[in-house]
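Please open the model in your viewer and keep the selection panel at hand. This tour goes from one selection to the next and says what is there.

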Amino acid sequence: MHELFTVHQFPASGNHADLPAEVRDQVRALAFKGHSQLGADIIDAFPNIGLIANYGVGYDTIDVAHATSKGIAVTNTPDVLTNDVADLAVGMLISLSRGIVGASEWVLSGKWANTGAYPLQRTLSETTIGIAGLGRIGQAIGKRLHGFDADLHYFARSEKETPGWTWHNDLVSLAKQSDILIVAVSGGPETKQIISAEVISALGADGLLVNISRGSTMDEEALIKALQSNQLRGAALDVFNNEPNVDARFLALDSVLLQPHQSSGTVETRKKMGALQRDNLSAFFADKPLLTPVS
Ligand code: NAP
């Protein structure tokens, strides 16, 4: 980044006002990384920007409407992270379903030698799996699960061209039909708590839930209550409402697998995400078409 552009680091305090006004006036593009809010206040504090280049596919924390109203473009980093996110979603599901983390602990703690065989787990193959949100990542998850002979169902606003997967335009209907629900919808106000108490209840006491989308898509209060009262068999979560401060009640549960928002966190993918972000910045400064605009 520093080799290509004149870079001013955002203040470590997190307060844009700590950057002198004359520096903010010079800035023509924001390279955004992270999951903090990039709202109208920050956008307005940089009067000469024409681009917000996001490092990530999800741009729910950026006020895109405000940026667009001011003629500021927003780009993201789609596709390059799809495989890693889908891999982790499936990995989390296998681990949750077969108790892999607990089984490893069983060996490490000496319980295998001292108390005997690990408790029986549950089969994953040939189950009915619902995917909420069949975008790039949802489809990649579906392709992987096809190999498990799963009966695949999905929720989307419109029917997709898929090889025999069943479309639902209602999440409660999808959850009722599914043994397992994987959440891969975009975050943001429109999908806030789309995985509601009703959806979680429809999944049932034998159900498993996997969320790799955003914490905001989940009614966490309803999820915690369902897990505490065994109204849901388990949940594997890579994303939370108040990251990185995970609700302490999750930590007391045996029926969860918790990940630190790391679905795209591989050396290879993060390199590709950085390159795509830089390419969008270069295109902007060269007055060429942006590679991956969201607006
Ligand atoms: P995508 O191709 O744009 O797919 C987004 C999906 O969300 C589509 O299926 C879309 O449904 C659905 N959707 C969007 N707005 C909706 C609404 N208002 N109501 C119902 N459904 C809605 O995006 P992607 O590349 O698959 O990424 C999906 C999300 O994964 C990202 O937005 C991000 O939040 C999350 N993600 C998480 C990680 C991680 O580290 N855990 C990493 C990367 C991405 P339609 O098909 O009906 O339009």
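Begin by colouring domain 1 (16–79 + 266–285) and domain 2 (82–258), the two parts into which the chain is divided, with bounds that come from an automatic or database domain assignment. This is a predicted model, in which local features need pLDDT of at least 70 and side-chain atom pairs count only at pLDDT 80 or more, while totals for chains, interfaces and linings use all residues. Residues are numbered from 1 along each chain as its sequence is written, and side-chain values use heavy atoms, with hydrogens and water left out.

The C-alpha centres of the two domains lie 31 Å apart, and 8 residues of domain 1 are in contact with 6 residues of domain 2, where contact means heavy atoms within 4.5 Å. Together domain 1 and domain 2 bury about 670 Å², which is the accessible area (1.4 Å probe) lost on putting them together, summed over both.

Now select His35, Asp60 and Asp79, which supply 62% of the area that domain 1 buries against domain 2.

Finally, select Ile141 and display its surroundings: leaving aside neighbours within four places in sequence, Ile141 is in contact with Ala86, Ala89, Val90, Ile131, Ile182, Ala184 and Ile212.

Methods:
Buried area = accessible area lost by both parts, 1.4 Å probe.
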